[in-house]
2 protein chains.
Amino acid sequence: MPSAAQPPPVAAVEMGAQLVAELGDGVVTTDPDVLASFSHDQARFCPAGVPAALVRARSTDDVATTLRLAHAAGIPVVPQGARTGLAGGANAIDGCILLNLERMNRILRIDVGEQIAVVQPGVVNAELSRAVGEHSLFYAPDPSSWESSTIGGNVATNAGGLCCVKYGVTGDSVRALEVVLADGSVLRTGRTTAKGVAGYDLTSLFVGSEGTLGVITEVVVSLRPAPVPPLTAVAIFTDVVDTCNAVSDFMATGVRPSLLELMDGPTIKVVSAYRDLGFPENTGGVLIAQSDDPSRAATDLATFAEVCRRHGAEEVVVADDPAEGELLIAARRLVGPAHEPLGATLVDDVCVPRARLGDLLRGVEKIGVEYDVLVTCAGHAGDGNMHPGVVFDPTDEAATARAWEAFGAIMQLGLDLGGTITGEHGVGLLKRSWLETELGDIALTTHRSIKTALDPRNILNPTKVITRQ
Amino acid sequence: MPSAAQPPPVAAVEMGAQLVAELGDGVVTTDPDVLASFSHDQARFCPAGVPAALVRARSTDDVATTLRLAHAAGIPVVPQGARTGLAGGANAIDGCILLNLERMNRILRIDVGEQIAVVQPGVVNAELSRAVGEHSLFYAPDPSSWESSTIGGNVATNAGGLCCVKYGVTGDSVRALEVVLADGSVLRTGRTTAKGVAGYDLTSLFVGSEGTLGVITEVVVSLRPAPVPPLTAVAIFTDVVDTCNAVSDFMATGVRPSLLELMDGPTIKVVSAYRDLGFPENTGGVLIAQSDDPSRAATDLATFAEVCRRHGAEEVVVADDPAEGELLIAARRLVGPAHEPLGATLVDDVCVPRARLGDLLRGVEKIGVEYDVLVTCAGHAGDGNMHPGVVFDPTDEAATARAWEAFGAIMQLGLDLGGTITGEHGVGLLKRSWLETELGDIALTTHRSIKTALDPRNILNPTKVITRQ
């Protein structure tokens, strides 16, 4: 299991006093109870240290001041948004400054003509989505946490979501950033225009860097015309490999669904135990597809139905209207809540080529048997990005250890199938050692060179993503 | 005008002999005539030095060997594809090794299910487009040079094209790269899966870095289902600002055209003098729009016609079928050839927010008057990316100097309007000093840090894009 590296000893009290002197005590907190409550995100198996102070920045200036002081003193800084992450990226490090961006929560500009919005990092995803919706525009990235997670956190982790299969991940909607660098200087990357190739693509470098290269203080996002409410179809299979084959064949037809989710048999069992939605006892896999193309949705779903039937679907239901469609995706929305009564669930995030989904699902099943744990598997099948969930009793030490091993075996399987250890959750503390496996020596050295170039004193979220040599 | 920095003195003969010894003389050339013919791309005003040797690499190994030797000796390496660039990025530096990738021209794999292709850098864009077309797939990036430029060069410059307005630039279609680093080690970036957030986005860092960070030896590109042939409409205006306003209003309707090109009055005059296509004498601006949405193209173009008429278009013609549409875009295709008899044309590449297009076109007109040069303006209006062309007599020294100044004034205007100096052509040698203006000190320092981290001996295309401090 990952463990936080020991930070350098720091003069925590002094740092706190200095921050208060510069920023005011409405911004800086050193109260241990408050610090503890801000010290971790939603990841399991990730240690959280004891921070020296919490800065709740109101402005880019507050962020710059914090970094300038931290840089001078060599004190680690852990940037964080709403702490909804699943990899420990926002967890405190002993003696660190927690730099929380939630107060920087203003939408600065919505430009309807250019179809962009300029926002502070603490804006909650759903608030931005609703605000641009009033202008008939659409902010596409929709991580499951969208009602609580912030744009800054979404950008820092390059968050995914349900509609990536058509609209891409967070990074695909980011045009420009304001980033405070390790020494407190303020960098602007990118452009507000539709195109631009002046210099290196620093925007993409900071997207997904999980706070290890700089602190994002402003984001220019691209918007799209709001799509019409989607139509929905559900297909029920007895065999999970058939379900997977239907996914890759359907995607090869050229249809671009706006959602294509898969749930395996164990997931349906868990959901059915929580709420009976009428799935047959022998359900081995369920697909849910949506299309939001106003003129082709019905045809798209007819193609989906045809492909699913050809792959042995027992039943395919196509909703007649968007409201009925909402009922059909109820099962997918219940996957999280349905797992809660079962104990703890360690959610994995592998992504494989779509043609290997069947191998992934069969392999995950075998891993469950091998490590004697329940593994359910649901996810964004249209992208090959699945979330196997290892269910375990956290009070049972042996079961916990087996769950952790199964979790690692799933990532190894993802790599063996030509995939990646993380499709959208990020690395944080949780997957640091697997990242090294995925990258290999040369890519790891390249990562370290860039980290050192931008953060020579290693104060930006150190111990996360990569370790310094 | 830009000038290449003086390279360090090199033992050119020795280096050539060493390369021949390692790679064979079928791969290495030191013949001065051959070297001269490979020493420049299609940029004007960019000096080309005298290279020590030309390596025509057959494999990643050849590239790695070349870089290993060059790195050890501290000799500059200039990577190049088909040398169709417009910014001098492929121009020789005195004493350099020209590292040409045209021989690495194999399409290694087309994966229809995953909708990706794996190609070597020397594959010509049009060849890839045709090869994937046989599988009813579509490689979207379509720079004007697509019949001759290579995928490696397209990736190294993050090339644009006509269909970016709907499908994005080259980088939006790149999933993964193989890159040989300065010291000859071979890095793999990215992933072949649809999603992936494991580590920093090194792929995007190398895309558009113009050979200054590494040499691209393999590219995994995303493909799309082939669109249907588009429908086309043309609108003719007397006033260029009306033309521009029609662009921003049309784009704000939510329609996503697959092409939206603008030509101003002077461009139409130049084209009409070359071939009479029946444009009225008083034409101030022409828009060409296409839609390739099979079920909505007619509606999209009806919206286009309505917006154009509302903005005072004198005439709007909507083609009844794709063949007639080809006739309508003939004028756009003739812009290049029609300029050739006029002397030399220095083609700019500014990109501004669409709402500022009118200010750009009016400003460019004024610059023409102020510097007493003919400036024509055509480009990818849907993206705000225009190519003002400064026409001059290269044998007239004073006119040449005025053209160069006008070229700079256009970039300053682009920056003043919230835009960028280059939407798709890149920086190379041509725009290096303007890049510094656009970036500012902090971004420039960040660029230099990254350059130094990845190329500590400064051998990779030095003097291009940025200078080392």
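**Entry 1: A:Ala87**

I started with A:Ala87 and listed its contacts (heavy atoms within 4.5 Å): leaving aside neighbours within four places in sequence, A:Ala87 touches A:Asp41, A:Ala43, A:Cys46, A:His425, A:Gly426, A:Val427, A:Gly428, A:Leu429 and A:Leu430. The model is predicted: local features need pLDDT of at least 70, side-chain atom pairs count only at pLDDT 80 or more, and totals for chains, interfaces and linings use all residues. Residues are numbered from 1 along each chain as its sequence is written, chains are lettered from A and ligands numbered from 1 in the order in which they are written, and side-chain values use heavy atoms, with hydrogens and water left out.

I located A:Ala87 in the loop between strand 3 (77-80) and strand 4 of chain A. Helices (H or I, at least four residues) and strands (E, at least two) are DSSP runs, numbered from the N terminus. Is A:Ala87 buried or exposed? A:Ala87 is buried, at a relative accessible area of 4%; buried means under 20% relative accessible area, exposed over 50%, and partly exposed in between, with a 1.4 Å probe and protein chains only. I also checked A:Gly426, which is 339 residues from A:Ala87 along the chain, and the two C-alpha atoms are separated by 6.4 Å.

**Entry 2: B:Pro76**

I found B:Pro76 in the loop between helix 3 (60-73) and strand 3 (77-80) of chain B. B:Pro76 counts as buried, with 3% relative accessibility. Its C-alpha atom is 6.6 Å from that of B:Pro462, 386 residues apart along the chain.

**Entry 3: confidence**

I read the pLDDT (the predictor's confidence in each residue, from 0 to 100) for chain A: the average is 94, and 97% of the residues score at least 70. Residues 1-9 of chain A are below 50, and beyond near neighbours in sequence this stretch has 14 contacts in the model.

**Entry 4: strands of chain A**

Two strands pair if DSSP finds at least two bridges between them. I traced strand 1 (residues 28-29) of chain A to strand 2 (residues 53-56) of chain A, an antiparallel pair with two bridges, where A:Thr29 stands opposite A:Leu54. Strand 2 of chain A runs parallel to strand 4 (residues 97-100) of chain A, with four bridges, and here A:Leu54 stands opposite A:Leu98.

**Entry 5: a sheet in chain B**

I followed an open sheet of seven strands in chain B, with antiparallel pairing and the order 15-12-14-13-17-18-16. Which are the edge strands of chain B? They are strand 15 (315-318) and strand 16 (344-347), each pairing on one side only. Neighbouring strands of this sheet are turned by 15° against each other on average, direction ignored; axes are lines fitted to C-alpha atoms, for helices over the stretch in contact, and angles run from 0 to 180 degrees between N-to-C directions.

Strand 13 (residues 259-264) and strand 17 (residues 374-380) of chain B are joined antiparallel by two bridges, and B:Met263 stands opposite B:Ala378. Helix 8 (residues 240-252) of chain B lies across strand 12 (231-237), strand 13 and strand 14 (285-291), at about 170° to strand 13. Helix 10 (residues 297-310) of chain B lies across strands 12, 13, 14 and 15, at about 5° to strand 12.

**Entry 6: the two copies**

I superposed chain A on chain B by a rotation of 180° with 0.0 Å of shift along its axis, RMSD 0.0 Å.

Definitions and conventions:
Least-squares fit on C-alpha atoms with pLDDT ≥ 70 in both.
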